[in-house]
Amino acid sequence: MTDRGFPTRRLNNAYLSWAYEEVLQRASDRVSVAWQQGFATSVEAPDEATRVVRLRSGEVLTADLVLHALGHNGSQPSAEAIRIGEFAEQHGLDYVAPAFTADIDLDWVPAGEDVVVRGMGLAAVDLAVLLAEGRGGRFERDADGALRYLPSGREPVLHFGSRRGVPYRSKVTSSPIGDPVQLELLGDDFRERIAARDEPLDFERDIWPLVAAELLLGYYRELFTGHPDRVLGDWPGFAAALRGILAADGGFESDALTRLIADHVPEPEDRFEIAEFDRPLDFAGVDAAAVASSAASSAAATDAAPATRVPSGREGAGAVHRRVIAHIERDLRQRTRTENSAAQALFLTMLFSFISIAEIPAEKWNARTRTRVLPGRWHTFFSYLASGPPGERLEELVALADAGIVRFLGGDVELRLDEAHGRFVASGSAETPGGRTRSRIDSTVLIDAWLPEAQAVRSDNPLLRGLVADGIAEEVRIADAEHDGSTGQIVIESGGVLPGDPRQFALGPFTSIPGAGAFTRPGIDSLSFRLHDRCARAILAAAARSASLQRAVEPQLAIR
């Protein structure tokens, strides 16, 4: 592995296992470690100094301190999931509510069946792997190096759609070659200004314009300084004009910005604009042009309407389907080739921005930002740009489309429960060479391929629900004059301490402390490591206090 590589989950598992064994070997002889495998259901406090962890088996563990490292948790069904589930049961259909893909039994999905899949993030990519390669198919490269999928005949047909209609952006494997990546607007000065600010922060008003400006500056700095042969003019001149436009209201969405970029970046594929990057299927851009060119070439060659990658007779598999494939192929070109290193600068700028924003104290945000915008728009956009699958997974997705196993419905996917015919009906859309085009498919199987929403009081984990019910923890609830809501996470204090018990600690995505655990690259002082360091020190301090208290009590016990 290099510092720009992305380990597989299997390799990550091997590394973490090795690291754990190293910790044990290097530990003091005063340290012992024991594993107790079981399902913890509750933690009780029979006295001030003792904590009892109860297991489902009836066994108990006695401890001085407890750390809850519960990871991601499932949740009880939402109102929508219940409604869809009842419709499915009434009509003899099959529905899979949001869950952790790797934990779902999908053996029952029939071969050849049309399956509607809502969601195109990592859970959806995992689903494609399980229902294709996981059923005996295999990938191989032809003589030209193109990836092909050889079906086993046991695969269903997966129709993917989502709000954006495209997968998360590919992991980036290139390296910057121009000026160093740096934050201009969200660095140390920014955090100092935030610390001195009294008015609550609104993400969309106060922070998003700065993020957009950072991304544009980061991308074009690398393009101009790393690839001067692909631009007109130099970085100082372009940067001055860019900063001037960004300083104006609505600068990153203005026609002036579009003209500036077009005047200085001749190749459309080298251009980056926030809105089109975020919602590519809403724009008749480079991908649509590629589809039109491909269709014209195919029609000329076959003297017939093009049907590339589209088996006949399937609704929703025409121009919209080809438009999504063109987008994926462009994304792979941009994010896996050295000549497109500006994509790596974009990724690093986003990562540094995310870490900087994560350090803003929670109490600085207004209620709507903290309960809706940060966990919704901001974290979702971050995942879309910076936390997508490795390039080979998207290449496999295109190969599955070639083989007829995967179809793309497009963006703004809508689901209709067809009572008259007892079917799920899904539709999507995209800008294509022929204008806004819609797709449609009806099916007896629906899978919602995204992770369950984090809600402590509705968690499927009784231990987490019990922490709230017993008053040891409470969900984050924020209210102001404009909004009242909850993040669904539990409040933790500095060092991970649970407010209701100084002998219990918590770490992970179910807590109120934000983290960026996926990005632990060398040299970036990962936020997750910093959080874990703080928690480890808090636990050691609590252990020292406990030991000191015990030493103070023991002589009195001896006298008695």
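## Helix α5 against α6

A213, L216, L217, Y220, R221, F224 and T225 of α5 meet W235, F238, L242, R243 and L246 of α6. By class, this α5–α6 contact holds nine nonpolar residues, one polar and two charged. The model is predicted.

Helix α6 covers residues 235-247. Its axis lies 10 Å from that of α5, and the two helices pack at an angle of about 165°. Angles over 145 degrees count as roughly antiparallel, so α5 and α6 are roughly antiparallel to each other. The crossing of α5 past α6 is right-handed.

## Helix α5 against α11

Helix α11 spans residues 342-358. The axes of α5 and α11 come within 8 Å and cross at roughly 150°. The pair is therefore roughly antiparallel. Here too the crossing is described by its hand: α5 passes α11 in a right-handed crossing.

On the α5 side, the contact uses F203, I207, V211, E214, L215, G218, Y219, E222 and L223. On the α11 side, the partners are A342, A343, A345, L346, T349, M350, S353 and I357. The α5–α11 contact divides into 12 nonpolar, three polar and two charged residues.

## Helix α5 against α12

Helix α5 runs over residues 203-226, and helix α12 over residues 367-386. Their axes come within 12 Å and cross at roughly 15°. Angles under 35 degrees count as roughly parallel, so α5 is roughly parallel to α12. The crossing of α5 past α12 is right-handed.

Helix α5 brings F203, E204, W208, V211 and L215 to this contact. Helix α12 brings R368, T369, V373, L374, R377, W378, F381 and L385. Sorted by class, the α5–α12 contact has nine nonpolar residues, one polar and three charged.

F203, V211 and L215 meet α11. F203, V211 and L215 also take part in the contact with α12.

## The second largest pocket

The second largest pocket holds about 420 Å³ of space. Its lining counts 31 residues. Closest to the pocket centre are P268, R271, F272, R330 and Q334.

Which elements give two or more residues to this lining? They are α5, α7 (255-264), α8 (274-278), α9 (286-302), α10 (319-336) and α11. Helix α10 gives the most, with six residues. The lining of this pocket divides into 11 nonpolar, seven polar and 13 charged residues.

## Cavities

How many cavities of 30 Å³ or more does a search of the whole structure find? The search finds three. The largest cavity contains about 50 Å³ of space.

The largest cavity is lined by V125, A128, V129, E133, F139, R393, E396, L397 and L400. Helix α13 gives the most, with four residues. Six lining residues of the largest cavity are nonpolar, none is polar and three are charged.

Definitions and conventions: Residues are numbered from 1 along each chain as its sequence is written. This is a predicted model: local features need pLDDT of at least 70, side-chain atom pairs count only at pLDDT 80 or more; totals for chains, interfaces and linings use all residues. Side-chain values use heavy atoms; hydrogens and water are left out. Axes are lines fitted to C-alpha atoms, for helices over the stretch in contact, and angles run from 0 to 180 degrees between N-to-C directions. Angles under 35 degrees count as roughly parallel, over 145 as roughly antiparallel, 65 to 115 as roughly perpendicular and the rest as oblique. A crossing is left-handed if the near helix is turned anticlockwise from the far one by less than a right angle, and right-handed if clockwise. Contact means heavy atoms within 4.5 Å. Ala, Val, Leu, Ile, Met, Phe, Trp, Tyr, Cys and Pro count as nonpolar, Asp, Glu, Lys and Arg as charged, and the others, Gly among them, as polar. On a 1 Å grid over the protein atoms alone, a cavity is a set of points where a 1.4 Å probe fits but cannot get out, and a pocket is an open set with protein on both sides within 12 Å along at least five of seven lines; lining residues have an atom within 4 Å of a point. Grid points are joined across faces, edges and corners, and a volume is the space filled by probe spheres set on the points.
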